[in-house]
Amino acid sequence: RLRAALVELGPTFVKLGQVLSTRPDLIRHDLARELSNLQDQVDAVSFDVMEEVLKESFGVGAAQLFAAFDETPIASASLSQVYRAQLKTGQEVAVKIQRPGVSKIIDSDLSLMRQVAEWSAGHLEDIKWLDPPGIVDEFARSIRRELDLEIEARVIEQFRKNFEDDPAVIIPQVYPEFCAQSVLTMDWIDGVRVDCLEAYAERHCDPAQVAINGCDALCRMVFEYQLFHADPHPGNIFVTKDNRLAFLDLGMAGHLANTDVAAIGDVFLAMFS
């Protein structure tokens, strides 16, 4: 019922549910499992509606932009839908198109969330320590940045540069000439969700080695580059083959100050000791 309610409330609440799905420590494992269905299984908008975004961004539709374009989305999320296409060079790509009108909806939703948070902070002693208005403000900053796919394109390029020497990590290449504020075009990644363990054998992957590679990549994000994937649910991390990991959907990325990195390092050292 909670998942259905979040879907009915709209994209901002779906996004909130996606974030919560990665925190079973906060909401219980059964709820987290159910909310994980929001990660890439939101009801799709028809292609006719989505193609209008392409026309507004580039002046032409999918048939003129691409050599081939599958009108059935391969993923449908709260803010956008992803399609498989082929460039005129023959390159297979994924095209992420933002749902039309989503920005106005999110602004309205965030205003409502802020009011509820302020009321909760003033009336519910048990959760006042969580600073609900602060949580909503942080969520609002993140989701508004995610609405600009040109920012995501730049973040992807930075991640790609950071991991260009790492054979265990794949960051898709972006094609700027097919990108706009509401459209993002990047390499098609042939992979499966990192939690799809039944597909590991046919892809010559070992769960233990995948875990090691993922941990190593995360530590490099935090300690070496101080730029990390901030929405790492299983729908955004693919296993390709030979234990390689692809990190997708970098619309939510976080930066760490040197003091943050030092503090995290101290915590790890304390745990290991």
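The expected span of a helix is 1.5 Å times one less than its number of residues. Keep that in mind for the opening stop of this tour, which runs through a predicted model.

**Helix α5**

Select residues 47-58. This is helix α5, with 12 residues. From its first C-alpha to its last it reaches 16 Å, close to the 16 Å expected at 1.5 Å a residue.

Now show the side chains. Phe47, Met50, Glu51, Val53 and Leu54 are the buried residues of α5. They cover an arc of only 140° around the axis, so they sit on the same side of α5. An α-helix has 3.6 residues a turn, so residues three or four places apart point the same way. Turn to the other side of α5: Asp48 and Glu56 are exposed there.

What covers the buried residues of α5? The cover includes α6 (62-65), β1 (68-69), β3 (80-86), β4 (92-98) and β6 (183-187). Before moving on, click Gly59. This residue follows α5, and its phi is positive, near 85°.

**The β3-β4 hairpin**

Select 80-86 and 92-98, which are β3 and β4. The two strands form a hairpin with five residues between them. In the turn, pick Gly90, which has a positive phi of about 100°. The pairing of β3 with β4 is antiparallel and runs over seven bridges. Select Gln86 to see it stand opposite Glu92 in β4.

Stay on β4. Six of its seven residues are buried, and the strand is mostly covered.

**On to β6**

Find Lys96: Leu184 in β6 is the residue opposite. Is β6 enclosed or open? Five of the five residues of β6 are buried, so the strand is largely enclosed by the rest of the structure.

**The aromatic cluster**

Select Phe47, Phe66, Phe69, Tyr83 and Phe178. Ring pairs link these five residues into a cluster. Phe47 was already met among the buried residues of α5.

Across the whole structure, a search finds eight aromatic pairs. Zoom in on Phe69 and Tyr83, a tilted pair with 5.4 Å centre to centre and 35° between the planes. The pair links distant parts of the chain: Phe69 lies in strand β1 and Tyr83 in strand β3, 14 residues apart. Both Phe69 and Tyr83 are buried.

**The four-stranded sheet**

Last stop: an open sheet of four strands. In what order do the strands lie? The order is β5-β10-β9-β7, with mixed pairing. β5 (169-170) and β7 (192-193) stand at the edges, each with a single partner strand, so one side of each has no neighbour in the sheet.

Select 207-225. This is helix α11, which packs on the sheet and touches β5, β9 and β10 (245-247).

β7 pairs with β9 (residues 237-239) in the antiparallel sense, over two bridges. Pick Arg193, whose bridge partner in β9 is Phe238.

Notes:
Residues numbered from 1 in each chain as written. Predicted model: local features only at pLDDT ≥ 70, side-chain atom pairs only at ≥ 80, totals over all residues. Heavy atoms only, no water. Pairing = 2+ DSSP bridges. Contact = heavy atoms within 4.5 Å. Axes fitted to C-alpha atoms, helices over the stretch in contact; angles between N-to-C directions. Buried < 20%, exposed > 50% of the residue type's maximum accessible area, 1.4 Å probe, protein only. Arc of directions from axis to C-beta. Phe/Tyr/Trp six-rings, centres within 6.5 Å; stacked < 30°, edge-to-face > 60°.
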